[in-house]
Amino acid sequence: QVHLVESGGGSVQAGGSLMLSCAASGDAYTRTCMGWFRQAPGKEREGVAAINTRLETTYTADSVKGRFTISQDAAKSMLYLQMNSLEPEDTAMYYCAARVYNCASGSWSVPGTFAWWGQGTQVTISS
């Protein structure tokens with residue numbers, strides 16, 4: 001069983017920064033791949049970034065590449081998403097997710113491949 005709790009969301013102006021955090025519990029092998037997803041009203045949930053927690057290989061969506069960075073503190077079982085140069089289009093509920101098997105390049109962004117989810121944290125960017 002994996003329990004995920006996100007924090008760090010908020011409201012900022014365009015161009016600003018936020019760092020999201022995700023506190024994870026459960027055996028580390030159950031969280032081989034961890035990711036950040038987001039869902040805006042009326043839109044499908046989309047993958048933002050993911051990290052293989054053993055190898056620290058990262059994957060980032062083209063829409064946020066160069067602006068968002070995923071990282072972890074394995075010793076603290078913490079996952080982070082540093083978000084810079086935020087745009088109004090980044091407004092969404094952001095979710096932390098985990099799965100047992102590793103982050104393959106073709107599947108890391110597919111929500112249905114992740115077994116565990118946090119409750120989400122809202123990010124609102126004003127222009």
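In which strand is the place of I51? I51 belongs to strand β5, which covers residues 46–52, where a strand is a DSSP run of E of at least two residues and a helix a run of H or I of at least four residues, both numbered from the N terminus. The model is predicted, so local features are given only at pLDDT of at least 70 and side-chain atom pairs count only at pLDDT 80 or more, whereas totals for chains, interfaces and linings use all residues. Residues are numbered from 1 along each chain as its sequence is written, and side-chain values use heavy atoms, with hydrogens and water left out.

**Overall build**

The protein has zero helices and 11 strands, and its pattern along the sequence is β-β-β-β-β-β-β-β-β-β-β. Its radius of gyration is 13 Å, close to the 14 Å that the globule rule gives for 127 residues, so the protein is as compact as a globular protein of that length; the radius is taken over C-alpha atoms, and the rule is 2.2 Å times the number of residues to the power 0.38. Along the principal axes, the C-alpha atoms fill a box of roughly 40 × 30 × 25 Å.

Of the 127 residues, 46% are buried, a term that stands for under 20% relative accessible area, with exposed meaning over 50% and partly exposed in between (1.4 Å probe, protein chains only). The protein exposes about 6,200 Å², and carbon and sulfur atoms supply 49% of that area, as computed by the Shrake-Rupley method with a 1.4 Å probe. Among contacts (heavy atoms within 4.5 Å) between residues at least 6 apart in sequence, 59% join residues at least 24 apart.

**The nonpolar core**

A nonpolar core is here a set of buried Ala, Val, Leu, Ile, Met, Phe, Trp, Tyr and Cys residues joined through side-chain atoms within 4.5 Å. The largest such core has 36 residues, and those with the most contacts inside it are L4, M34, W36, L81, M83 and Y94. Two or more residues of this core come from each of β3 (18–25), β4 (33–39), β5, β7 (68–73), β8 (78–83), β9 (92–99) and β11 (121–126), and β9 gives the largest share, five residues.

Y94 lies in strand β9 and counts as buried because its relative accessibility is 0%. Leaving out residues up to four places away in sequence, Y94 touches E6, L20, F37, R38, V48, F68, L81, M83, G120, T121 and V123. With the same exclusion, the contacts of L4 include C22, M34, C96, W116, W117 and G118.

**Selected residues**

I51 is buried, because its relative accessibility is 2%. Beyond its neighbours within four places in sequence, I51 is in contact with T32, C33, M34, E56, T57, T58, I70, S71, Q72, L79 and C103.

G118 is located in the loop between β10 (116–117) and β11, and its relative accessibility of 11% makes it buried. Not counting residues up to four places away in sequence, G118 touches L4, E6, Y95 and C96.

T30 sits in the loop between β3 and β4 and is likewise buried, with a relative accessible area of 4%. Among the residues that T30 touches, again not counting those up to four places away in sequence, are V2, A98 and W116.

The following table sets sequence separation beside C-alpha distance for pairs that include these residues.

| Pair | Separation along the chain | C-alpha distance |
|---|---|---|
| I51 and V5 | 46 residues | 17 Å |
| Y94 and R38 | 56 residues | 4.3 Å |
| G118 and C96 | 22 residues | 5.4 Å |
| T30 and Y95 | 65 residues | 17 Å |

Y94 and R38 are also listed as touching, as are G118 and C96.

**Backbone angles in two loops**

S77, found in the loop between β7 and β8, has a phi near 55°, a positive value in a residue other than glycine. S85 lies in the loop between β8 and β9 and has a positive phi of about 50° although it is not a glycine. S85 counts as partly exposed, because its relative accessibility is 41%.
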